[in-house]
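This briefing covers the salt bridges of one protein model. Where do the charged side chains pair, and how exposed are the partners?

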Amino acid sequence: MALVTRNTKGGVVHWVVMRWQGEQIWERAGKDRREAERLDARRKKEIAARTYQPPKTARALTLQQYAESVMAVRQVRSIADERRWLERHVYTRPWFANRRLDEIGSEDVERLVDELRAEGRLKDKSIGNLVGVLHLVFEKAIRAKRIPAPNPASLPRGTLKRARAKEPEIFAPVEIRLLTRHAKILWPIRALNALCLLAGLR
C-alpha cells in the first residue's frame, strides 16, 4: 500500500493505493495529508483482517494513475530522473496520460515518440530512456493482469537511434610508443598504459 499525491487544478489530492485479491485499487483520500494517512492505516488493518470491501464502482486506472503507483514504491537510484521524465513528457499530455491503461496500444507510444522528436528538446537516447520507463510500467501492468501482452512500449527495432554522437578517438602508433616507453612516465603508469592499449580498454 502507498499514498500517492497528485497536483490538480483544485489543489493537492491524496490517494490510497492498495492491492486486494490481486487487484490494484485507488481510493481518493482528499486533500488533508493526515486524513489520508489515517485512511491508509485503516485500509491496511482491514486488508490484514480480511474485512476490507472495495467500492462498488471502482473506476479504471489511467496511465498516469498506474505509473504514479509504480513510482511510489519503486526503489532505484534513478527514481528521481524517472519521475521527472514522466512528469515533464507524459503527464503533460492528457491524450496519453489520461487514457485508460487497457486502451493504450503501441501506436500511442509511437505517437508520443513522434511528438517528442518534433519538439526537438530530447535526442533519441533520452526518448529511449523515457520509453524504457514506460516499458517497465506496462510490464508491471501485464504481470498484474491489468492489460494483456504484448507490451505497448516495445517499439520496432531501429525506431530509436542510440549511436554515439562521434566515434571515440584512436591513438596513433607514435602516441602509443610515447605512452608505453617515454622515460618521463613512471614505469607502473607505462605498464598500465600498455595493458589498457593492448587490451583495447577505454
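In this predicted model, the side chains of Glu 35 and Arg 38 form a salt bridge, with an N to O distance of 2.7 Å. The count of salt bridges comes to 17.

**Glu 35 and Arg 38**
- Both residues belong to helix α1, which spans residues 33-49; because they are three residues apart there, about one helical turn separates them.
- Glu 35 is partly exposed, at 38% relative accessibility.
- Arg 38 has a relative accessible area of 43% and is also partly exposed.

**Arg 43 and Glu 46**
- A salt bridge joins Glu 46 to Arg 43, and their closest N and O atoms are 3.0 Å apart.
- This pair also lies in helix α1, with a spacing of three residues, or about one turn of the helix.
- Arg 43 is buried, with a relative accessible area of 14%; the cut-off for buried is under 20%.
- Glu 46, at 22% relative accessibility, counts as partly exposed.

**Arg 99 and Glu 103**
- Arg 99 and Glu 103 form a salt bridge in which the closest N and O atoms are 3.9 Å apart; the pair counts because the limit is within 4 Å.
- Arg 99 is partly exposed, with a relative accessible area of 24%.
- Glu 103 is partly exposed too, with a relative accessible area of 42%.

**Network**
- Salt bridges link Arg 93, Arg 111, Glu 115, Glu 119 and Arg 121 in a network.

Note on methods. Residues numbered from 1 in each chain as written. Predicted model: local features only at pLDDT ≥ 70, side-chain atom pairs only at ≥ 80, totals over all residues. Heavy atoms only, no water. Helix = DSSP H or I, 4+ residues; strand = E, 2+ residues; numbered from the N terminus. Buried < 20%, exposed > 50% of the residue type's maximum accessible area, 1.4 Å probe, protein only.
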